[in-house]
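Dear colleague,

I am handing over the structure we spoke about, and my notes on it follow below. Please read them with the model open beside you.

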Amino acid sequence: MSSPLPASAQRHKTVVIADDSVVVRGLFARWLGESGQFHLVAVAGDGETAVAHAGRFKPDVMVLDLDMPGVDGATALPQILKESPHTGILLATTLTERNTRIALECMTKGAMDVVSKPESRDGLTLSLDFRSEFLLKLGNIAQTRVRPGALPPDIDVDFTSLGPTSLRQLVSVVPRYLVIGASTGGPRAVARVLFDIGDALQDLTTIVVQHMPPLFTASFAEQITGYIGIPAREPFDGERLARGTIYVAPGGRHLGIDRRLGHITASISDAPPVRFCRPAVDVLFNDAARHLGPAALGIVLTGMGADGTEGAGALRRAGAAVIAQDECSSTIWGMPGSVVRAQHASAVIPLDDIGGAIRGLVRAGQLA
């Protein structure tokens, strides 16, 4: 039996650290203590112990390393969420190409975010940027009401469960471009929406801004291709955007839209962050409003902050519709909630219904 937490600890969010490195566990524990926001309830050096601590302590957040002896982090993740469905998982790992792919897979199965550990010991202990990022992401997850249950995109979906009627009332023309913005919890949500749209994506040019570091976005695009069989990749600057392809903003760079010689092209830039984000949803949405107008359909999915709100307003003024994911199905109702509060959302729809509604809209337009 676990003993009750002292009254002082109950004011702070509880954390379990699972990492096979004694140095890392000690460093993270010190940072948590110095922050004054968290109460460390346990540490684990392997996945099996992490699962046991999840069942015993039901922590608000678990910091989970991927590379651990015996049961590794990826294997332990579903067991941790089974033992404690409301625990938010922050992956903390050195991002090799292999670990990047595994981390993305983990984020489609319930992990909320990832922080990249510096490769060197000095980088780990001396980097103020890493410490700030670690505590910021931990705090964001800790303040979130975690909704249990992963939404893997490889499940059977009844595409006829939601008809296009409600969406058809919102659009003046059947959209030809789909512009999507997401952040925390987004990899899972984006994959679900795209999977549910299915082969109707062949009739759309799809552009996605998902807040991710550089190594992640190429792997994310590969993952999407594997899930749904539609080509997905990072575009290059000036590339003509084609139907039947999904374009993912490269990590750490803005992805916008331009019109060159009568064609819609990708615009990649290293301009300063917008609302602390690069890539930024606002950059994509503002460009889509300028160059696409009502031919675009905007979607704002789960994520922390307000990125996308200004751009959603621009889309609406240009005659385009904007769908916001509803609160109950969002991991974090920050970005979509901000769009709703600003009255820029044409419709607020549960994640399970967004893709099917878009599919129905596109298919109905073909028959019109």
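Valine 71 counts as partly exposed, because its relative accessibility is 27% and that class lies between the cut-offs of 20% for buried and 50% for exposed. Please keep in mind that this is a predicted model. Valine 71 sits in the loop that runs between β3 (61-64) and α4 (73-83), and, leaving aside residues up to four places away in sequence, valine 71 touches Asp46, Gly47, Glu48 and Ala76. Valine 51 is 20 residues from valine 71 in sequence, while the C-alpha atoms of the two are 9.6 Å apart in space.

The other region I looked at is helix α12, which covers residues 309-317 and whose buried residues are Thr309, Gly311, Ala312, Gly313, Ala314 and Leu315. Just after α12 comes glycine 319, which takes a positive phi of about 95°.

As for the pairing of α11 with α12, the axes of these helices are 7 Å apart and meet at an angle of about 10°, which is under 35 degrees, and the two are therefore roughly parallel to each other. On the α11 side the contact involves Asp282, Phe285, Asn286, Ala288 and Ala289, which meet Thr309, Glu310, Gly311, Ala312, Ala314 and Leu315 of α12. Sorted by class, this contact has six nonpolar, three polar and two charged residues.

Technical notes:
Residues are numbered from 1 along each chain as its sequence is written. This is a predicted model: local features need pLDDT of at least 70, side-chain atom pairs count only at pLDDT 80 or more; totals for chains, interfaces and linings use all residues. Side-chain values use heavy atoms; hydrogens and water are left out. Buried means under 20% relative accessible area, exposed over 50%, partly exposed in between (1.4 Å probe, protein chains only). Helices (H or I, at least four residues) and strands (E, at least two) are DSSP runs, numbered from the N terminus. Contact means heavy atoms within 4.5 Å. Axes are lines fitted to C-alpha atoms, for helices over the stretch in contact, and angles run from 0 to 180 degrees between N-to-C directions. Angles under 35 degrees count as roughly parallel, over 145 as roughly antiparallel, 65 to 115 as roughly perpendicular and the rest as oblique. Ala, Val, Leu, Ile, Met, Phe, Trp, Tyr, Cys and Pro count as nonpolar, Asp, Glu, Lys and Arg as charged, and the others, Gly among them, as polar.
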